[in-house]
Amino acid sequence: MARDDDAGRRARYEALADEVLEPLRRYLARRATSGTADDALSDALLVLWRRLDEVPEGEAALPWSYGVARWCLANAERAARRQRFLARRVAAVDPPAEVLPPADDEVGGVDPAPVRAAVASLRPASAEVLRLWAWEQLAPADIAVVLGVTPNAVSIRLHRAKKELAEQLRKDAAAGGQVGAGGGAR
């Protein structure tokens, strides 16, 4: 009985994918770079599979799918913006040793000292995954090869490292503000 349900679900999804794949691909290609569009398309197809029971039947399936693709594209663009921002920040203030600017110079309008200190205070594994991602511009799959772990493990480590860095920057900023406000350190 369950096999019949699985087969029916699979057949419905395949029919839906055949119907919406090319329209969604064109929709996304007109709105994003090819890499972002491909990522958003993959995410949209995954959402369609997961929420197959919610997808309307007939002609309403395509507009519903466009809505899913629109949200997936928005998520992909937000993630890409966060990645670019953090990569610029890490690369600007903590570049590889052979291209380090003088410690007191601003890089790209950003004072590198707080980020240098924050990266230096991270666990070595967290700092390394951030450096591979920001400096070397490696994707999680490539970082996985470098570190000898799975791409999923790298994605998790990278996510955690970014959170650690952000938290450390917040802590350092708060501590710096308290010292400055009390007039204790000069």
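Visitor: What do the side chains of R51 and E54 meet in?
Guide: They meet in a salt bridge, at 2.7 Å from N to O. A salt bridge means a side-chain nitrogen of Lys or Arg within 4 Å of a carboxyl oxygen of Asp or Glu. Before we go on, this is a predicted model: local features need pLDDT of at least 70, side-chain atom pairs count only at pLDDT 80 or more, and totals for chains, interfaces and linings use all residues. Residues are numbered from 1 along each chain as its sequence is written, and side-chain values use heavy atoms, with hydrogens and water left out.

Visitor: OK. Is R51 buried, partly exposed or exposed?
Guide: R51 is partly exposed, because its relative accessible area is 35%. Buried means under 20% relative accessible area, exposed means over 50%, and partly exposed is in between (1.4 Å probe, protein chains only). E54 counts as partly exposed too, at 46%.

Visitor: Why would such side chains pair?
Guide: Side chains of opposite charge can pair when their charged atoms come close.

Visitor: How many salt bridges does the structure hold?
Guide: It holds 7. One of them joins the side chains of R123 and E164, at 2.8 Å from N to O. That pair links distant parts of the chain, 41 residues apart.

Visitor: Where do R123 and E164 sit?
Guide: R123 is in the loop between helix 4 (112–121) and helix 5 (124–134), while E164 is in helix 7. Helices here are DSSP runs (H or I, at least four residues), numbered from the N terminus. R123 is partly exposed at 48%, and E164 is partly exposed at 24%.

Visitor: Which residue does E167 meet in a salt bridge?
Guide: R170, with 3.0 Å from N to O. Both lie in helix 7, 3 residues apart, about one turn of the helix.

Visitor: What does the side chain of Q168 make a polar contact with?
Guide: The side chain of D172, at 2.8 Å. A polar contact is a pair of N or O atoms within 3.5 Å; within protein, one must be able to donate a hydrogen and the other to accept it, and residues adjacent in sequence count only if both atoms are side-chain atoms. Q168 also touches A118 and S121, not counting residues up to four places away in sequence. Touching, or contact, means heavy atoms within 4.5 Å.

Visitor: New topic. Which residues of the largest nonpolar core touch the most other members?
Guide: Y13, L16, L24, L28, L48 and A69, out of 21 residues in that core. A nonpolar core is a set of buried Ala, Val, Leu, Ile, Met, Phe, Trp, Tyr and Cys residues joined through side-chain atoms within 4.5 Å.

Visitor: Which helix gives the most to this core?
Guide: Helix 1, with 7 residues. Helix 1 (2–29), helix 2 (34–50) and helix 3 each supply at least two.

Visitor: And what does A69 touch?
Guide: L24, Y27, L28 and A44, not counting residues up to four places away in sequence. A69 lies in helix 3 (residues 61–93). A69 counts as buried because its relative accessibility is 0%.
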